[in-house]
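Dear colleague,

I am handing over the structure below, together with a short account of what I found in it. Please read the notes alongside the coordinates when you have a moment.

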Amino acid sequence: MGKYIVHLGADGEAGPSRLGGKGASLAAMAAAGVPVPPGFAVTTDAFDAVLAQGGLRAWVDEAVGGIDLADPAAADRVSASVRRAVEAQPVPAGVDEELRAAYRELTKRTRSGFPVAVRSSATAEDLPEAGFAGQHDSYLWVTGSDAVLDAVRRCWAGLFTTRAIVYRARHRIPAEGLSMAVAVQRMVRSRVAGVALTLDPGNGDRSKIVVDASWGIGELVASGEVTPDNFVVDKVVLAPVRTTLSDKREELVPDPAGGALVRRPVKGARRTRPSLTPDEVVAVARLAKAAEHHYGVPQEVEWAIGTGPSGPAGVVLLQSRPETVWSRRPPTAPSAAPGAGPEAEADADRVPDRDTGPAAGPDSVMRTLLEQPPLTGPVSPGTGDAADGSGPEAGRPAIRRRPGGRAEPPARTRTRFPSPYELTAPPGAEGWQRLYPYYLVFRPELRDADEHKFWFCDTQHWPRVLKPFEVSVVEFAMRCLGQYNSRYFVVPTAAGIEYRVHNGYVYMSPLAVADDEIPARATEFRRRAGHYYAHWEALLKQWKRKVLATIDEIEELDFTALPEQVPFADVESGHGRDAGLALFGAYDRLIRLCQRSWQYHMEFLNLGYSAFLDFYEYCRRRFPGIPDQGIATMVQGVDMELFRPDDELKSLARLALGLGVAGALRGPGDPGQLLAAVAAEPGGERWLTAWQTARRPWFNFTPGNGLYGSDQYWLDHPSIPLGHVADYIGRLEHGEDIDRRVPELLAERDRVTDEYRALLPPEAARRFTAKLALARRVYPYVENHNFYIEHWTMGVFWRKVRELSGVLRDAGFWDGPDDLLYLGREEVRQVLFDYANGWAVGAPAVGRAYWPPEIARRRAVVDALAAARPEPALNAPPRAITEPFTVMLWGITPDRIADWLGPRDGGGLTGMAASPGVAEGVARVITGAERLGSVRADEILVAPVAAPGWGPVFGKIRGVVTDTGGIMSHAAVVCREYSLPAVTGTGTASTRIRNGQRIRLDGSRGTVTILG
């Protein structure tokens, strides 16, 4: 560091009094490790030394002080005279020597001097109250020490331009102590450059970073001479909110022949192509955020991304100054427009931003529910506004994009889905309707009503064709869900969900509540839901006792063959009852207990989702366009029992290594042989004790979802957990960390929470904290119920169903162990009577002749249905998707509907940004849990849907892509908790991606790219 020169970064920091605002900022950024182009600053000492010669300072002060700002022409004359005098003043020898030496040092690696940028840096610029943007001079692509010295002279003189003098006068900046430094930096050969603001300039929203970018040197962007691309990014999680591409017709580029910058037309498709890749947008946003963090106030950052001999270079900061418009105002809730996009504008109109009433609890939840519109469906034909092509928007359904969605609607070949009454059965499946109860299929007499509803296929919960007995679970689940909404908690705006089975798959259509019924329902909901929220922990403990008692009752049920004779003890006691009655009673009780378990399943579920929804909607109001992933991150890192089965396997793997029995577990043989080999080892008994302890209850777990009778449970198929244990042993031996990254999840959760909360005024921050606290308190149930009901209870239930099926198989009714699943629930009661009747009268049961061929026929129908993929939806699509549960749980968005109507061209898919991170690798496409064994380490799993029971596999793969599922679906939640990048709800990934293809998924943006 000399008296007149400070090297950026190498000489530490120096204040604005020596380096001016811009120079001090660059020195501070360089010292803090922020990438800035190398360079130096000519200090204010040099400027002061120039003006000190020959009394020039006194003359300048007098001339400038006498300017009449009301006479622009006179002001211009005085300004020109002063600038000529400054430029003509000799440069002191010491200044000249230090400047030339600094330039030689900066360009010593080049032969003829590297081009530099020479920028003014006044002591009064880049202030919080006055940024001086564009008021002083900058000179680009300057080469050679003489040219650099000349540019420095002109920067000194630029302190006295008319525009700078007027600007200082308007902002009441005194002339005393005014001085000018100059920043000299190596030019960046910019491929793309621009400006980033760490708030939304349209509404002051401090949760956003807005990036403008265009091709070439950034001067045209800064001066407003080109319309740049505009990228809006969430500041906290650095996820995209909105992208607006422009026609970038011109760029400023170096002319090697002339040694200067020239304007050049941008040609062809490059004019409208994005100037930044998604990764580059994040890099620019991160750079701007670092500048804001350093200074503690919103910043306006000029940046560039260069090109070098080896290809693209990283983003560098050219300058950073305080934003001076919104930063001077107190933080308030941003308006939705223009920074938040059309979705947030609609939300702002629909949901006023207010902070009144209870911060959290039943009243707050109820208000949020009241503000949610229903899933909007098509209106009756003839009104002129139908989504089926009968209105003025024919062929263009008005479907809303989620933040971060595509800028353009897709090209597609159809504008509506088929009616269920138009679809024919797949070959070989004719008459499939007879497999299911009359009330579960679309009936011709209801065609008019059914065709005016939008039905979506719920492949998230029922991804495979349902056998007749399995539809009982659909009925129990959906009836109980509706009962809690309509009759128990009396949710103000939502009734149940209508459901049908079509071609073997479940279709759903949510039901709204009539407007005139809402007020009375709201009063009841406040009272009923309020009781649950107020006593959540106590009621949840009671819930667990009820569920465990139900499991015990199911376990106690006994299905054994009818005896050859009634025991004599019954005769002695005068029992006097048919042994078949006990069988009837056990079956009926099994069905009642299954219904009861689903009653418990739904008891807390929607209250848990509603509390999260209350927090979710508050965040959306306060931070328009906030990514769903940002909200979900704030409730992650919870220690849930759903992960306990996988944790038990990890513990068993560690114990096996510690006891020296790992080799026995990886040997050949079936489970019995493996366990026998372990028992023969010195530490084997201790390991087997731990194995037996873990089995109950944690092996009541399935890689399926528990909703199908064919799902395999660890307890019944020990080869599954033993295989995972062996896999974990191998990974531990290779030094891998097999644990979930809970500390990192919690650290990220707290960082994201703190950053969003810091953006809010005190009262809003208090409400934010209260709503988040309630959401976190109820959130574990949203996942834990899955273990207790779908895994544990349903595992015991299906075990009893197979037990009964085995009894009837042995009685000659069918051949397969699971053939009972091809009967409807009521048909099983008939078979039981037939069985007991034949036993009682001593004649063969009729079903022994009837059922084997009938089951064979039904099996063929089910197989035929399974050979065809279901239509993703039925009838005309909705004109809007605004109902949040539909998006959060099922992932049904306008983009998904567009993909269903006709996949887009190209090698990419979009879905829900379910779990952050980027992964690239080979795709492993599977259609169900039975194919999990084919998944190899470091592959990317692609499936119609993923289940929580796939956790042991998640630890060895790179990412997950699914056709269905929203941000709060089980798959999305589990992937976040396993720190596994995931994109859910793509619609068509499992059919468009082929096994072995290389793909890249971005779980932060919801994109999947097929690489080849």
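In this predicted model, Cys 457 counts as buried, because its relative accessibility is 7% and the cut-off for buried is under 20%. Cys 480 is buried as well, with a relative accessible area of 1%. The closest cysteine sulfur to that of Cys 480 belongs to Cys 594 and lies 9.1 Å away, which is too far for a bond, since a disulfide requires the two sulfur atoms to be within 2.5 Å. The structure as a whole holds zero disulfides.

Helix 20 (residues 644–659) packs with helix 23 (residues 684–698) at an angle of about 175 degrees, and their axes are 10 Å apart. That angle makes helix 20 roughly antiparallel to helix 23, because angles over 145 degrees count as such. On the side of helix 20, the contact is made by Arg 644, Pro 645, Glu 648, Leu 652, Leu 655, Ala 656 and Leu 659, while helix 23 contributes Arg 686, Trp 687, Ala 690, Trp 691, Ala 694 and Trp 698. Sorted by type, the residues of this contact between helix 20 and helix 23 comprise ten nonpolar, no polar and three charged.

Methods. Residues numbered from 1 in each chain as written. Predicted model: local features only at pLDDT ≥ 70, side-chain atom pairs only at ≥ 80, totals over all residues. Heavy atoms only, no water. Buried < 20%, exposed > 50% of the residue type's maximum accessible area, 1.4 Å probe, protein only. Axes fitted to C-alpha atoms, helices over the stretch in contact; angles between N-to-C directions. Helix = DSSP H or I, 4+ residues; strand = E, 2+ residues; numbered from the N terminus. Parallel < 35°, antiparallel > 145°, perpendicular 65-115°, else oblique. Contact = heavy atoms within 4.5 Å. Nonpolar A, V, L, I, M, F, W, Y, C, P; charged D, E, K, R; others polar.
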